[in-house]
Amino acid sequence: MNTKALAIGRLLRAAINGYVVGTRVSTADAPAFGSMVRAPLGESFHIYGLIYDIHVDDDGLVQQLVTSENVDPAIIEDNRINRNVPLEMSVLSIGYREKEQIWHLLPPRAPLSLDTICLCSEEEIVQFTRSGNFGYFRHILRARDVAVGELLAAHIKQVQEIQARWGNPQWAAKATQELITLLRDDYATLMGVLSALADCRLALDEA
């Protein structure tokens, strides 16, 4: 497995069903909503997750600056680079890898504070999303306080582009069909998910 990937920040707090990553605002241009990331849990053990929320809390200086006129761009840039309050990314756990075995289950324990969190490489994403027959979807569908339809749409859109490059152009169609099966008794959620997927202009026409 190729585990060389881009570090996006360090872990602030965690539970087995998810964790929060902190990073400087100036280094937060790579992570995006729906991106797949991983946290270490000892040697040869990684917890995979999806970014489902990104936010920046204010601080005293920011509150003063937003009401000021003609703020010097240098002050704004300095605040973004050196501010004490980090940009925070909330991550939903969707599975883990133990050595070379992938599991679409919650990890046995949470990662530790200040662990380095990385964006997953394309190889990792392909391996994780090809295994387990979409078993990790259940973690997304049962998540609370998460925009489930939007998260699934963002995830499927990003993964489909990668899977197509890796020789599996029908991945999104299979993922969509699996969601239809899983949500056949939950019409409201199904319609929300399908609507979000339709807005991606992806997967529905192929399903």
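Strand 4 (residues 45-56) and strand 5 pair in the antiparallel sense, with eleven bridges between them. Strands here are DSSP runs of E with at least two residues, helices are runs of H or I with at least four residues, and both are numbered from the N terminus. Two strands count as paired if DSSP finds at least two bridges between them. Within this pairing, Leu50 stands opposite Leu92 in strand 5, and Phe45 stands opposite Glu98 in strand 5. The model is predicted, so local features need pLDDT of at least 70 and side-chain atom pairs count only at pLDDT 80 or more, while totals for chains, interfaces and linings use all residues. Residues are numbered from 1 along each chain as its sequence is written, and side-chain values use heavy atoms, with hydrogens and water left out.

Strand 4 also pairs with strand 3 (residues 36-40), to which five bridges join it in an antiparallel arrangement. Leu50 in strand 4 is the residue opposite Met36. Strand 3 and strand 4 form a hairpin with four residues between the strands, and there Gly42 takes a positive phi near 85°.

Strand 2 pairs with strand 5 in the antiparallel sense over six bridges, and Gly18 has Leu92 of strand 5 as its bridge partner. Strand 6 (residues 101-103) runs antiparallel to strand 5 and is joined to it by three bridges; here Tyr96 has Trp103 in strand 6 as its bridge partner. Eleven of the twelve residues of strand 5 are buried, which leaves the strand mostly covered. Buried means under 20% relative accessible area, exposed means over 50%, and partly exposed lies in between, with a 1.4 Å probe and protein chains only.

Which residue in the turn of the hairpin formed by strand 5 and strand 6 has a positive phi? Lys99 does, at about 60°, in a hairpin with two residues between the strands. Lys99 is not a glycine, and it is found in the loop between strand 5 and strand 6. Lys99 counts as exposed because its relative accessibility is 61%. Asn133 is another residue other than glycine with a positive phi, near 55°. Asn133 sits in the loop between helix 3 (122-130) and helix 4 (137-141), and counts as exposed because its relative accessibility is 57%.

The next topic is empty space. Rolling a probe the size of a water molecule over the atoms shows where such space is left. The largest pocket holds about 300 Å³ of space. Among its 18 lining residues, Asn17, Gly18, Tyr52, Leu92 and Ala143 are the closest to its centre. Two or more lining residues each come from strand 1 (7-15), strand 2 (18-23) and strand 5 (87-98). Strand 5 gives the largest share of the lining, four residues. By class, the lining has ten nonpolar, five polar and three charged residues. A pocket is an open set of points on a 1 Å grid over the protein atoms alone, where a 1.4 Å probe fits and protein lies on both sides within 12 Å along at least five of seven lines; lining residues have an atom within 4 Å of a point. Grid points are joined across faces, edges and corners, and the volume is the space filled by probe spheres set on the points. Ala, Val, Leu, Ile, Met, Phe, Trp, Tyr, Cys and Pro count as nonpolar, Asp, Glu, Lys and Arg as charged, and the others, Gly among them, as polar.

How many disulfides does a search of the whole structure find? The search finds zero disulfides, a disulfide being a pair of cysteine sulfur atoms within 2.5 Å. Cys118 is in no disulfide, and the nearest cysteine sulfur, in Cys120, is 8.5 Å away. That distance, 8.5 Å from the sulfur of Cys120 to the closest one in Cys118, is too far for a bond. Cys118 counts as buried because its relative accessibility is 11%, and Cys120 counts as buried at 11% relative accessibility.

Tyr136 and Phe137 are both buried. One aromatic cluster is formed by Tyr48, Phe128, Phe134, Tyr136, Phe137 and Trp171.

Note on methods: Phe/Tyr/Trp six-rings, centres within 6.5 Å; stacked < 30°, edge-to-face > 60°.
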